[in-house]
Amino acid sequence: MAKKTISDISIEKLAHGGDGLGYLPDGRVLFVPGAVPGDRVDIELSRDKKTWAKGQIASIREASSARVEVECDAFERGCGGCQFWQIGYADELQWKVDAAVEAMRRISGVDLPDPETFGAETVRDYRSRVTYHQRHQDGKLVRGFYEKGSRRVVRVNQCPVARPVLDEAVAELDGALDQLGEADITVETAGDNAAVVLIELTGGQRIKQDYLEELARRIDQGTAVVGVEILDEHEEYFYIGDTTVVAEEVLADPPVEGMRVEAGRFRQANRAMNHKLVGEVVRIVEAGWENPRVLELFCGSGNFSFSLSDVAEQLTGYEGSEGAVATARRIAELSGKTEMMRFEGADLSDEHVVDQILEEPFEVLVLDPPRQGASEVAEAVVRRGRRGQIVYVSCDAACLGRDIKTLCEGGWSVEQMAVFDMFPRTAHLEVVAVLENTGE
């Protein structure tokens, strides 16, 4: 059945998530991936709902003045990793910040303050971790990133947003990776000129000793890869070489010089912007309090924690990953901070667990949840009538808007906001919201 074509749609702005936004002749909102504000396009409808629709560009009648020459071959072939190679960076940053703030205001129902914006230093060579998907497709084994809106893999050999050492690492193991069949392959920086490769097999393969010996030879002969970790479908791990990374790749300001941590821990993928983000959170806390007690939820391995320890009297961090908690505890021990820092494992999606945690004394609550946000925490803060300051770091503006709504209905107010472009060329942003409740 042929798709319905709609002619001459004007794209007015970017929607949160990166799609161009226009209107159908009947007034419904139309989302168009890849469209740029100022474009006039003909589209083919791909989704047709009662109140909105989505369409793909069939042709561009008139290109926006904001369009630029695309610098990524994979983007032109449909790679879904980035959304904005067709837009100049200044326009990209402004439009996606506007879209995120509009979404937060609409969802929260709160007249939020205009955020301070921290743009990226570069739009290329910044990502310290990427995950390739290796799949059998059309009779061939293809390695790359998922296509926009699907699980079909677009072949990618070099990624312009990845730090060059990651491309070098994949090139060094190229033939050996092909021998694995279907797998998810995460490559992350272990230092300025070194990488670790983490492989999760998805095709039922068995690892043989001679294959491990081949990987060891490649690591010895190469310059980029220092270690490989393989997880098969039987939950068995295989390790070759050194699979640790320098702490600076995971933490903004490691408290011990020269220390290394396990690969595979959560990290912000843009090292330079992570320094700015952590520095701003520390500045906010220091400006509002003198040696506060800090409760940090979703603390990971301590990316914010160890920087905050310089301005806090006490800091207690909770995290769901046992490995991350173990890493944070080890760093605290090595840095001699165990008396003023404590790290505990906890299921922060369990409202009863969160209720118990919120019995602890604190002046400042720092939140850095995963993409789905911290609704259980926001509800518990209101339910228990807690007061003080919340510094909420979010990678999803919609979920942050939802949690702001909960907190503001419970007596909190948003005093300031900041936006950090951690992922240029994509629709993603990190947003910091500072909320206060004095009980007055």
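**Notes on the predicted model**

1. Start with the surface. The accessible surface of the protein chain comes to about 19700 Å². Carbon and sulfur atoms make up 44% of that surface. Keep in mind that this is a predicted model.

2. Next, the overall build. The protein chain has eleven helices and 23 strands. Its C-alpha atoms fill a box of roughly 65 × 65 × 35 Å along the principal axes. Why call the radius of gyration of 23 Å in agreement with a compact globule? Because a compact globule of 440 residues would have a value near 22 Å.

3. Now look inside. Of the 440 residues, 54% count as buried; here, buried means under 20% relative accessible area. Take the contacts in the chain with a separation of 6 or more: residues 24 or more positions apart account for 63% of them.

4. Charges come next. The protein chain carries 49 positive and 78 negative charges.

5. Which residues touch the most other members of the largest nonpolar core? They are V187, I199, V228, I230, L308 and V432, in a core of 88 residues. Pick out I199 in the structure. Not counting residues up to four places away in sequence, I199 touches L177, L180, A183, D184, I185, V228, E229, I230 and L231. Another core, of 37 residues, lies apart from the largest one. Its members include A378, V419, A433 and L435. As background, nonpolar side chains tend to be buried together in soluble globular proteins.

6. Helix 10 deserves a look. The helix spans residues 375-383, and its buried residues are S375, V377, A378, A380 and V381. One of these, A378, also belongs to the core of 37 residues. What covers the buried residues of helix 10? The cover includes two helices, helix 9 (351-357) and helix 11 (397-409). Strand 17 (293-297), strand 20 (364-367) and strand 21 (388-394) are also among the covering elements. After helix 10 comes G385, with a positive phi near 65°.

7. Finally, find V110. Where does V110 sit? V110 is in the loop between helix 2 (89-108) and strand 7 (116-118). V110 and G401 are 291 residues apart in sequence, yet their C-alpha atoms are 8.7 Å apart in space. Leaving aside neighbours within four places in sequence, V110 is in contact with R105, I404 and C408.

Note on methods: Residues numbered from 1 in each chain as written. Predicted model: local features only at pLDDT ≥ 70, side-chain atom pairs only at ≥ 80, totals over all residues. Heavy atoms only, no water. Helix = DSSP H or I, 4+ residues; strand = E, 2+ residues; numbered from the N terminus. Rg over C-alpha atoms; globule rule 2.2 N^0.38 Å. Buried < 20%, exposed > 50% of the residue type's maximum accessible area, 1.4 Å probe, protein only. Contact = heavy atoms within 4.5 Å. Areas by Shrake-Rupley, 256 points an atom, 1.4 Å probe, with all protein chains shown as cover. Lys, Arg positive; Asp, Glu negative; His and termini not counted. Charge placed at Lys NZ, Arg CZ, Asp CG, Glu CD. Core = buried A, V, L, I, M, F, W, Y, C linked by side-chain atoms within 4.5 Å.
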